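Let's take a walk through this structure together, one region at a time. Have the sequence and the 3D view ready.

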Amino acid sequence: MPSQNRKLITVLVALPLAVTFILWAFAWPAARTGPHDLPIGVAGPAEATAPVTAALQARDGAFDVHSYPDAAAAITAIENRDIYGALVPGPDGAELLTASAAGASVAQLLEQVAAQGLPEGAALTVTDVVPAPASDPRGAVFGVSVLPMAMAGIALGALVTLLRLRGRYALAALAGTAAAVGTAGALIGHSWLGAMAGGWWTVAGALALLTLAGGATVAALAALLGPRGIGLGAVLLMMLGNPWSGATSAPEMLPAPVGTLGQLLPTGAGSTLLRGVSFFDGAGTAFPLAVLTCWAVAGLATVAVVHHRRPAPTRPAGGPPAGAAAPAVAV
């Protein structure tokens with residue numbers, strides 16, 4: 001009975017705590033969604049841009065304002081992913097340069113902010129410098145495409161663990177399956193739905209690297225901690241990685257420090273890498289590429305080293321598996 005009491009207490013305590021954690025991880029960033037040092041540009045002569053800059057800086061840290069001499073320089077900054085948009089004041093109104101491919105919700109927010117800051121009767125012209133694909137103008141398909149890759153990473157790491165693949169077989173399963181998942185993701189998201197642009201193989205490679213980083217992380221944690229490592233990997237990739245990724249908006253739209261921490265996890269880094277190779281010719285992908293590579297290499301190395309130090313049990317020829325009880329002998 002004491003054992004049953006402990007199990008009952010575990011259920012009564014563990015499940016509510018888990019639900020509380022999940023609600024915090026998902027609901028808190030959603031409730032605090034808004035610009036937090038969101039990079040935005042202001043282009044034009046200083047006398048024309050000074051009032052706009054002052055108005056944006058007065059919004060309590062919502063925007064990180066960058067100044068550019070003209071619209072062409074601001075467009076280059078948007079294409080390089082240095083900023084999400086730019087305001088270009090003019091004599092009769094202003095032009096807003098946006099990039100809906102960087103996040104449709106961010107572009108919509110900038111349009112609202114620009115319209116609110118204009119004098120009554122002034123005209124606002126919106127130019128989408130890097131538009132989202134016509135087949136996915138709101139970025140909905142792109143946003144949900146990252147979640148299956150995270151799920152694939154969890155499943156891959158769990159299968160490698162549960163099937164007791166070791167050594168080169170574990171490494172081959174992780175790398176080969178990740179490549180297949182990346183190919184399938186590119187066929188669906190790029191070729192069929194048209195939600196991703198850019199080079200087909202580059203997109204497939206980004207999806208594969210995201211899957212590999214997740215799968216290697218889960219397999220490594222399981223190698224170190226046993227089955228509990230699968231649960232910890234799921235927390236990193238799904239419970240924290242998904243809501244903190246900024247895939248449906250932007251990392252700067254999440255409250256601190258969630259936006260920054262999310263980019264250090266495979267799901268957030270994968271989302272940023274995929275957006276960069278899909279719509280911005282690889283601009284801004286150096287950091288997320290390095291993050292994913294570190295997770296993948298560390299995970300693969302851990303799997304190889306731990307499995308090498310703990311060789312799989314061997315089955316004696318003609319006998320039961322090592323460690324198994326010997327069959328009873330009738331007397």
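Start in the strands: Glu95 has Thr125 in β5 as its bridge partner. Strand β4 (residues 93-98) and strand β5 (residues 123-128) run parallel and pair over six bridges; strands are DSSP E runs of at least two residues, helices are H or I runs of at least four, and both are numbered from the N terminus, while pairing takes at least two DSSP bridges. Between β4 and β5 the chain passes through helix α4 (residues 104-117), making a right-handed β-α-β crossover (with the strands pointing away from the viewer, the path from the first strand over the helix to the second runs clockwise).

A word on the source: this is a predicted model, where local features need pLDDT of at least 70 and side-chain atom pairs 80 or more, while totals for chains, interfaces and linings use all residues. Residues are numbered from 1 along each chain as its sequence is written, and side-chain values use heavy atoms, without hydrogens and water.

Ser145 sits in helix α5 (residues 140-162) and counts as buried because its relative accessibility is 15% (buried is under 20%, exposed over 50%, partly exposed in between, with a 1.4 Å probe and protein chains only). The Ser145 side chain reaches the backbone oxygen of Val141 at 2.6 Å, a polar contact (N or O atoms within 3.5 Å, one able to donate a hydrogen and the other to accept it; residues adjacent in sequence count only if both atoms are side-chain atoms).

Ser245 lies in the loop between α8 (228-240) and α9 (258-262). Ser245 is buried too, at 2% relative accessibility, and a polar atom of the Ser245 side chain is 2.9 Å from the backbone oxygen of Asn242.
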